[in-house]
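Grab your viewer and work through these exercises with the model open. Try each task before you read its solution.

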Amino acid sequence: MKVLLTDLAYLHHNYGAQGILIPFLEALRKKYIAEVTVTISDKTFWKEDLRFAQENNFKLLYKPRWNFSKYVNSKQIIEHQNFQKKFKEFDLIIDISGIEFIGNLPFLMKWKDLLNNLLVQKLAVKNKKPYYEFTKSYGPFKGFFYRLIIRKYLNMLPFIHVRTGKNFHTIKKMNLKIESFCFPDISLVLKPASEDWADNYLSKYFPTKGNIIGISPSVVINNINKNENNSCGENNIIL
């Protein structure tokens, strides 16, 4: 069985994406003999991502994104044609992005992301491929037509897994026709490193023992405003 896992931007030092991908691969391989290919949409770290893919026994496929801030040129068209041609080779399609349909982005970015998010689902329907969305966060869904489009496409799924209870409540308010399930963050099943590894790692940067304050910069929290439909950034301190 040939499985395509889609919609990660890149993997190098992107520990959120790795935290989703690695546990999923482990679970998949326990039940099925599968040849796995993962798409990335940013070639900045292609060499590093290719090395990571080889170390974890999967293939990479470049999935281009339409960039409407620039003129659509022949290069973009050829890249999309190549992706659509390769797409037909797979037996199963699973979207493993961490978040989708971020409705409070700037206007053009919001609609560009929506079109790019729906691309794979449209191709799956066109080519009669089974398509699923892995556990993730959704929204916020801002605007009547925006919500209408998203509701249509979510209802085409067999079911939906939603990350965390607050986001699950947001999805329930969409009154979808499909079953929805509240599910924890998949990265929680990652095996933690040993205490010895942690001590050795930290000793390289903190030779003297004492309390350590950790700061985790987040692009997501920085770019998504808090609102009634979105728990992103809750209980975080902005420096």
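**Exercise 1. Find what surrounds Leu5: which residues is Leu5 in contact with, leaving aside its neighbours within four places in sequence?**

Step 1: Leu5 sits in strand 1 (residues 2-8); helices (H or I, at least four residues) and strands (E, at least two) are DSSP runs, numbered from the N terminus.

Step 2: List the partners. With neighbours within four places set aside, Leu5 is in contact with Leu21, Phe24, Leu25, Val36, Thr37, Val38, Thr39, Ile94 and Ile96, where contact means heavy atoms within 4.5 Å.

Step 3: Check one of those pairs along the chain. Leu5 and Ile96 are 91 residues apart in sequence, yet 6.2 Å apart in space, C-alpha to C-alpha.

Step 4: Ask about cover. Leu5 has a relative accessible area of 0%, so it counts as buried. The cut-offs are under 20% for buried, over 50% for exposed and partly exposed in between (1.4 Å probe, protein chains only).

A word on ground rules: this is a predicted model, in which local features need pLDDT of at least 70 and side-chain atom pairs count only at pLDDT 80 or more, while totals for chains, interfaces and linings use all residues. Residues are numbered from 1 along each chain as its sequence is written, and side-chain values use heavy atoms, with hydrogens and water left out.

**Exercise 2. Trace the salt bridges: how many does the structure hold, and which parts does the bridge between Lys63 and Asp7 tie together?**

Step 1: Count. The structure holds eight salt bridges, each being a side-chain nitrogen of Lys or Arg within 4 Å of a carboxyl oxygen of Asp or Glu.

Step 2: Take Lys63 and Asp7, whose closest N and O atoms are 3.2 Å apart. Lys63 lies in the loop between strand 3 and helix 3 and Asp7 in strand 1, so this bridge ties together parts that are 56 residues apart in sequence. Both Lys63 and Asp7 are buried.

Step 3: Move to Glu35 and Lys59, which meet at 3.1 Å, N to O. Glu35 is in strand 2 (residues 35-40) and Lys59 in strand 3, 24 residues apart. Glu35 is partly exposed at 34%, and Lys59 is partly exposed at 48%.

Step 4: Finish with Lys136 and Asp95, whose closest N and O atoms are 2.5 Å apart. Lys136 and Asp95 are buried, and they belong to a salt-bridge network that links Asp95, Glu100, Glu133 and Lys136.

**Exercise 3. Check the backbone: which peptide bond is cis, and what is the phi of His13?**

Step 1: Go to Gly139 and Pro140. The peptide bond from Gly139 to Pro140 is cis, with omega near 5°, and Pro140 is in the loop between strand 7 (137-138) and helix 5.

Step 2: Turn to His13. Its phi is positive, about 60°, although it's not a glycine. His13 is in the loop between strand 1 and helix 1 (15-31), and it is exposed, with a relative accessible area of 56%.

Step 3: Do likewise for Asn57. Phi of Asn57 is near 60°, and Asn57 is exposed, with a relative accessible area of 60%.
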